[in-house]
Amino acid sequence: MRVFVYGAGAVGCFVGGMMASGGCRVVLIGRAGVVAPMEARGLTLHFGPSAAGGKTVAVAAVAGIAEAATRFGRPDLVVVAMKAFGTAEAASALSSLWGREGGPCVLSVQNGIGNEEALAASLGADRVIAGALTVAVSMSEAATVRGHQAHGGIALAPLVAAGPAASLAADAAACLRRGGLEAAVAPDWRAVKWSKLLLNLLGNATCAVLDLPPEAALAHPGVFRVDRDAFCEAARVVTRLGIPTIDLPGYPVRLLRRLLQHLPAPWAQRLLYPRV
C-alpha cells in the first residue's frame with residue numbers, strides 16, 4: 001500500500017511511521033525544513049518496547065502534495081493530519097489532483113468534529129475514513145517522533161459501510177498492527193469522533209488557557225470542575241444527536257462518561273485525576 005501523509009507533524013509522522021514499520025510505502029508531506037531531515041536519514045520512532053533506543057523506518061518526504069503526486073503517482077491512501085483549519089485547502093488540493101471519482105481514499109486522524117464532512121463534500125463519502133488516535137505524541141527533535149505512553153492505539157471507521165474506504169480501512173488497520181500499534185475498525189464513524197472529543201475535553205483547553213501541564217491543571221478542584229462541566233455538556237449533546245459512546249483503544253470512554261456524569265466532582269477528581 002502506498003500512503004501519503006498530508007501534514008508531517010507529530011501525529012502524521014507517528015501514524016506514517018507506524019504504517020511504514022508495518023510494510024507500507026510512506027511519503028510524508030510537510031514544510032521543507034521539517035521533511036528534509038526525514039528524507040535524508042529516515043524517521044525515528046520511540047514507542048512501546050522500542051521506546052528506549054527507538055527504531056528508524058525508511059520514508060520519502062517532500063514539501064508539497066503536487067510534488068508527491070509528480071514523483072510517486074497516485075497513492076492508495078492519503079492520511080490527513082494537518083490542523084483542522086487546513087482541511088478545506090487539503091480537500092481542494094486532493095480533488096484538483098485526482099477528482100472525485102477514482103481518487104485515493106482519505107483517512108482523517110485529526111481531532112475535532114467536521115473534518116470528515118469537509119473531505120466527503122469534495123471527495124465523496126465512500127472514500128473517507130474517520131480516525132481517532134489515542135496515543136499522546138510529540139516531535140521535539142528533527143526526524144524523531146515519540147509516543148508517550150505504552151497503551152493506546154487508533155480506531156478507524158469508514159463513513160460508508162460498503163465502498164472503497166471500507167475495505168481499505170481493514171487493510172490500513174492490519175498494516176498499523178504489523179507496525180506495532182493497536183488498531184481497531186469500528187462500525188460507526190460518528191461514535192469514533194465524538195468519543196475521542198469527550199477524551200479531549202479533559203486537560204486540553206484549560207491547560208492551553210492557563211499555560212499549565214495536565215497534572216497541575218487537573219489537580220486543581222476548580223479547573224477539574226470546569227473540565228467536568230464541559231465534558232458533561234458534550235455528553236448531553238451526544239445523547240441528543242443519538243450517537244453512541246464507544247470505548248477507544250486503551251481508554252474505557254463509556255466508564256469515564258458514567259463516572260463524570262454521576263459522581264460528585266470531588267469524588268470524580270479523586271478517582272480519575274491519577275489516571276488522567
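1. Cys207 is buried, at a relative accessible area of 9%; buried stands for under 20% relative accessible area, exposed for over 50%, and partly exposed for values in between (1.4 Å probe, protein chains only). Its sulfur lies 18 Å from the closest cysteine sulfur, in Cys232, which is too far for a bond.

2. This is a predicted model, in which local features need pLDDT of at least 70 and side-chain atom pairs count only at pLDDT 80 or more, while totals for chains, interfaces and linings use all residues. Residues are numbered from 1 along each chain as its sequence is written, and side-chain values use heavy atoms, with hydrogens and water left out.

3. A disulfide is taken as a pair of cysteine sulfur atoms within 2.5 Å. By this rule the count is zero. Cys13 is in no disulfide, the nearest cysteine sulfur, that of Cys24, being 15 Å away. Cys13 is also buried, with a relative accessible area of 0%.

4. Strand β3 covers residues 43-46; strands (E, at least two residues) and helices (H or I, at least four) are DSSP runs, numbered from the N terminus. Leu43 and Leu45 point one way from β3, and Thr44 and His46 the other way. All four of these residues are buried.

5. Two strands pair if DSSP finds at least two bridges between them. β3 is joined by three bridges to strand β4 (residues 55-57), and the two run antiparallel. Leu43 has Val57 as its bridge partner in β4.

6. Three bridges also join β3 to strand β10 (residues 144-147), here in a parallel arrangement. The bridge partner of Thr44 in β10 is Thr144.
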